[in-house]
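I opened the model to take notes on its core, its surface and its backbone. The entries follow in the order I looked things up.

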Amino acid sequence: MGTLLIVFSFQVPMGRLRKRVAARLKDSQNTFAMLTTFNEVDMTNLMKLRSDYKDAFVEKHGVKLGFMSGFIKAAVSGLQNQPIVNAVIDGEDIIYRDYIDISVAVGTAKGLVVPVIRDADKMNFAEIEKEINTLAKKANNGTLSIDEMAGGSFTISNGGVYGSLLSTPIINPPQSAILGMHSIVSRPIVVNGQVLPRPMMYVALTYDHRLIDGREAVFFLRRIKDVVEDPRRLLLDL
C-alpha cells in the first residue's frame, strides 16, 4: 500500500514588526537603483589580534572582543574616505552627513531589528563592543526603543553568523548603502607566490547607484579590506 501524505496549512496574522520590515524593504526596492559590488577579505590578522588579546580585553573591559567592532571601525574609516557613501539624496539635493551612526542588523525570534550605534567614529573598540552587547541584549528580549532604532547613516548586516557564504543585502532606507558580512571559510590563497590556506570572508556593498558611482563603491570596499587585513592602519591613520 502507498503512503498517505497529509499536509496541514494554517494562517496567522502578520505581526507589526514583520509588516513594518516588509514595507520598508519593498519601499527600498521601489526607490533605490541598487547595485552590489563584492570583495574578499583575509581574516588572518584580525583573527590573530582577537586571539592574542581576547583574555586581556575581557579582563579590562568586561566584554568579549568580536569581529563586529573591527568591521565597524573599518566602515568608519571607509565612510571618512568616501563620504558620499554616508550621504543621502533629499529631493534634488545631496545631504552630506557630518556624523557616522552605524546601524547593525540583528535577527531575533520576532524578526529583524536594526539598532543604531551613535557617533561610531568617536568610539574605540571597547566602547563599540559594550554598545553592541547592550543593544543585542535589548533586541533579544524585545526592549529596544524606537529611538534606539531610528536614524543611522550606514548599515552593517552579518549573515555569516547564520552560515551565509554570499548575499546581496538590501539598503535600509533612508540610507544609501549597506555592508554585508559573510561566513569565514578556509580557502587556498596565493600569498607571496605560495598557495596557503587562509580564513577568507566575502563582503558585499549594496549601494544606491543614483548617488554613488562604482568607483566610490569599489574604493570604499577596498578600504574595508585594507583595514580588516591590517588593523595597524587604524593606529597609524594610513
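I took helices (H or I, at least four residues) and strands (E, at least two) as DSSP runs, numbered from the N terminus. This is a predicted model, so I required pLDDT of at least 70 for local features and pLDDT 80 or more for side-chain atom pairs, while totals for chains, interfaces and linings use all residues. I number residues from 1 along each chain as its sequence is written, and side-chain values use heavy atoms, with hydrogens and water left out.

**Entry: helix 6 and its end**

I looked at K225 and E229 first. Their side chains meet in a salt bridge, N to O 2.8 Å. My criterion is a side-chain nitrogen of Lys or Arg within 4 Å of a carboxyl oxygen of Asp or Glu. Why are K225 and E229 separated by about one helical turn? Because they sit 4 residues apart in helix 6. For exposure I call a residue buried under 20% relative accessible area, exposed over 50%, and partly exposed in between (1.4 Å probe, protein chains only). K225 counts as buried, at 11% relative accessibility. I then checked R232 and D230, whose side chains form a salt bridge at 2.9 Å, N to O. R232 is exposed at 57%, and D230 is partly exposed at 23%.

**Entry: other salt bridges**

I searched the whole structure and got 10 salt bridges. One of them joins K48 and D52, with the closest N and O atoms 2.7 Å apart. Both lie in helix 2 (residues 44-61), 4 residues apart, about one turn of the helix. D52 is partly exposed, with a relative accessible area of 46%.

**Entry: nonpolar core**

I define a nonpolar core as a set of buried Ala, Val, Leu, Ile, Met, Phe, Trp, Tyr and Cys residues joined through side-chain atoms within 4.5 Å. The largest one has 44 residues. Those with the most contacts inside it are F71, I72, I102, I117, F154 and I156. Elements giving two or more residues include strand 4 (102-108), strand 7 (154-158) and helix 6 (214-229). Which element gives the largest share of this core? Helix 3 does, with 8 residues.

I listed the contacts of I156 next, taking contact as heavy atoms within 4.5 Å. Not counting residues up to four places away in sequence, I156 touches M68, F71, I72 and A75, among others. Its list also includes I102, V104, L179 and M181.

**Entry: strand 5**

G111 is in strand 5 (residues 111-113). Is G111 buried or exposed? G111 is buried, at 7% relative accessible area. Leaving aside neighbours within four places in sequence, G111 contacts L17, R18 and V106. I also took the distance from G111 to P188: 36 Å, C-alpha to C-alpha, for 77 residues in sequence.

I found a cis peptide bond joining P173 and P174, with omega about 5°. P174 is in the loop between strand 7 and strand 8. L165 is placed in the loop between strand 7 and strand 8, and is partly exposed at 43%.

D119 has a positive phi near 50°. D119 sits in the loop between strand 6 (116-117) and helix 4, partly exposed at 32%. N192 also has a positive phi, about 50°. N192 is in the loop between strand 9 (184-191) and strand 10, and counts as exposed at 78%.
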